[in-house]
Amino acid sequence: MRRNVVIGNWKMNGSVASVTTLVKKIIARGFGEKADCFLCPSFVHVKLVSDILNNSSSNIELGAQDLSEQIEGAFTGEVSGEMLSDLGAGLVLVGHSERRQRFDEKNYLVAEKYKAARAVGLIPVLCVGETQIERENGETEKVVGQQLRVIVEECGSELMKGSIVAYEPIWAIGTGLTATPEQAQAVHGFLRETLSECSSALADETRLIYGGSVKADNATQLFEQRDIDGALIGGASLDAEQFLSIWESAER
Ligand code: PEP
């Protein structure tokens, strides 16, 4: 039985004051009996959030938005998996579309980052998704299938165990457009089928989550879909009420 999971991706937002307030509001009303919750602040706020979570009795967990594919050394500006893990992070996003598009991260680099996360015990959240044009051209399955297969082939089925795959149609990220529950389910079903090429246990166990303008008012319908096991939430995760409401929907 897969447990739902909600992950807040705060991107490059917040100050010490606003992040402190946001975490405290989420902790104050947190749920967590049936659905896990991870918060992914910017790198500079990871320690702050880690300390607040550690000083609470909350079961909210810490995540990060990216990591270096390198272990350590002369890589100015980079942050290693070990550093994140040292601060208490349990999970890290890899291959977010903003990294792929704006920082030109290719599948090969995403696979290296995936392995770097695994090497230090971080749960990688592999993000896959198609552009509007690719969807219009009927290439959604081809694109997301390739993004997933590259990782499975590079890393092997052992390293896939316990990871999370996030389907995030690029046209729905930060645009206010959401895939319909049926559109999202169709791609999630396809991703699960793709994982079953590796093993049926892997397909059954892997949590597949949806991302792309998830809000309090569309979360329930998305979570009702058979193959959707939670959400990766950008904009709405910066609003404690919205985020808590999405988390509450994932608990049902
Ligand atoms: C994201 O960037 O992962 C995301 C899903 O953003 P938003 O919820 O704002 O569309």
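Guide: Arg 2 and Asp 229 form a salt bridge, with their closest N and O atoms 3.0 Å apart. Arg 2 sits in the segment before strand E1 (4–9) and Asp 229 in the loop between helix H10 (216–223) and strand E8 (230–233), so the pair ties together parts that are 227 residues apart in sequence. Helices (H or I, at least four residues) and strands (E, at least two) are DSSP runs, numbered from the N terminus. This is a predicted model: local features need pLDDT of at least 70, side-chain atom pairs count only at pLDDT 80 or more, and totals for chains, interfaces and linings use all residues. Residues are numbered from 1 along each chain as its sequence is written, and side-chain values use heavy atoms, with hydrogens and water left out.

Visitor: Why is the contact of Arg 2 with Asp 229 called a salt bridge?

Guide: The term requires a side-chain nitrogen of Lys or Arg within 4 Å of a carboxyl oxygen of Asp or Glu. Here the closest N and O atoms are 3.0 Å apart, so the pair qualifies. Arg 2, Arg 192, Arg 226, Asp 227 and Asp 229 are linked in a network of such bridges. A search of the whole structure finds 19 salt bridges.

Visitor: What makes Asp 229 buried or exposed?

Guide: Buried means under 20% relative accessible area, exposed over 50%, and partly exposed in between (1.4 Å probe, protein chains only). Asp 229 has 4%, so Asp 229 is buried. Arg 2 has 25%, so Arg 2 counts as partly exposed.

Visitor: Which parts does the salt bridge of Glu 98 and Lys 11 tie together?

Guide: The side chains of Glu 98 and Lys 11 meet at 2.8 Å, N to O. Glu 98 lies in helix H4 (residues 97–102) and Lys 11 in the loop between E1 and helix H1 (16–28), so the pair joins parts 87 residues apart in sequence. Lys 11 counts as buried at 19%. Glu 98, at 28%, is partly exposed.
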